[in-house]
Amino acid sequence: AFEGLGNLEGLELQNNALEMIEAGTFEGLGNLEILSLGNNALEVVEAGAFEGLGNLRYPGLGHNALAVIEAGAFEGLGNLRRLSLNNNALEVIEAGVFEGLGNLERLDLWNNALEVIEAGAFEGLDNLAGLDLCNNALGVIEAGAFEGLSNLRNLDLYNNALKVIEAGAVEGRSNLGGLGLGNNALEVIEASAEEGRVGNECRGR
C-alpha cells in the first residue's frame, strides 16, 4: 500500500476502523519517524507488524482495543523513544514483549486492564525513565517485576487494586525519584519493598 514512499517521515492513520496490522504492512518506509494509529479498533499487535521501520521514534497505539502484544512485535525498533499503549484492553505484559527497545525513554500503559506483570517484562529497557501503569487492575507487584529498569525515574501505580508489594519489587531502582502508590488497597508493604518518593496522583492523561 505504501510502496515508493521511502522519504515519508510521518504517517497519520488515527481515527479509522483498523482492526489488524499485518506483518510487512509498512515495508519500504525506512525513514518513517512518527506513526499515528490511535483511535482505531486494533486488537492484536503481531510479531513483525513494524518490520522495516528502523527509524521510528513514536508509534501512537493508544485508544484501541489491544488485548495481546506478541513477543517480537516491536523487534527492530531500536530508535523508539516513546511508546503509547494507554487506553487499551491489555491484561498481561509478558516477558520479552519489549525486547530490543533499549533507547525507549517513556512507556505509557495507563487505562488498561492489567492484572499481572510477569518477572522480566521490562527487561532490556535500560534507558526507560518514565513508566505509567496507573488506572489498571494490578493486585500484586512481584519481586523482579521491574528488573532491568536501572534508569527508571518515575513509576506511577496510582489507582490500581494493589494489596501487596513484595520485598524486592522496586529494590535496586537507585534513580527512582517519583513512586505513585495512591488510591490502591495496600494491606502489606514487605520490608525493603518501598524506595523513592511516594506520590498520590496519576500522571496519565
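Guide: Aspartate 132 and arginine 106 meet through their side chains in a salt bridge, at 3.7 Å from N to O. A salt bridge here is a side-chain nitrogen of Lys or Arg within 4 Å of a carboxyl oxygen of Asp or Glu. The model is a predicted one, in which local features need pLDDT of at least 70 and side-chain atom pairs pLDDT 80 or more, while totals for chains, interfaces and linings use all residues. Residues are numbered from 1 along each chain as its sequence is written, and side-chain values use heavy atoms, with hydrogens and water left out.

Because aspartate 132 lies in strand β10 and arginine 106 in strand β8, their pair ties together parts that are 26 residues apart in sequence. Strands (E, at least two residues) and helices (H or I, at least four) are DSSP runs, numbered from the N terminus. Aspartate 132 has 1% relative accessibility, so it counts as buried. Buried means under 20% relative accessible area, exposed means over 50%, and partly exposed lies in between (1.4 Å probe, protein chains only). Arginine 106, with a relative accessible area of 27%, is partly exposed.

Arginine 106 also forms a salt bridge with aspartate 108, where the closest N and O atoms are 2.9 Å apart. Aspartate 108 in turn meets arginine 82 in a salt bridge of 2.6 Å, N to O. That pair links distant parts of the chain, since aspartate 108 is in strand β8 (residues 106-108) and arginine 82 in strand β6 (residues 82-84), 26 residues apart. Aspartate 108 is buried because its relative accessible area is 1%, whereas arginine 82, at 36%, is partly exposed. The structure holds 3 salt bridges. Through shared partners, salt bridges join Arg82, Arg106, Asp108 and Asp132 into one network.

Arginine 173 has no such partner. Its place is in the loop between β13 (164-165) and β14 (178-180). Arginine 173 is buried yet has no salt bridge, and the nearest side chain of opposite charge, glutamate 147, is 5.2 Å away. In this count Lys and Arg are positive and Asp and Glu negative, with His and the chain ends left out. A polar atom of the side chain of arginine 173 does lie 3.1 Å from the backbone oxygen of leucine 149.

Glutamate 123 sits in the loop between β9 (116-117) and β10 (130-132), and at 48% relative accessibility it counts as partly exposed.

Some asparagines are left to describe. Asparagine 88 is in the loop between β6 and β7 (92-93) and is buried, with a relative accessible area of 10%. A polar atom of its side chain lies 3.0 Å from the backbone nitrogen of leucine 66. Asparagine 87 is also in the loop between β6 and β7, and its phi is near 55 degrees, a positive value in a residue other than glycine. Most residues other than glycine have a negative phi. Asparagine 159, in the loop between β12 (154-156) and β13, has a positive phi near 60 degrees.

Terms used. Polar contact = N/O pair within 3.5 Å; in protein donor to acceptor, adjacent residues only side chain to side chain.
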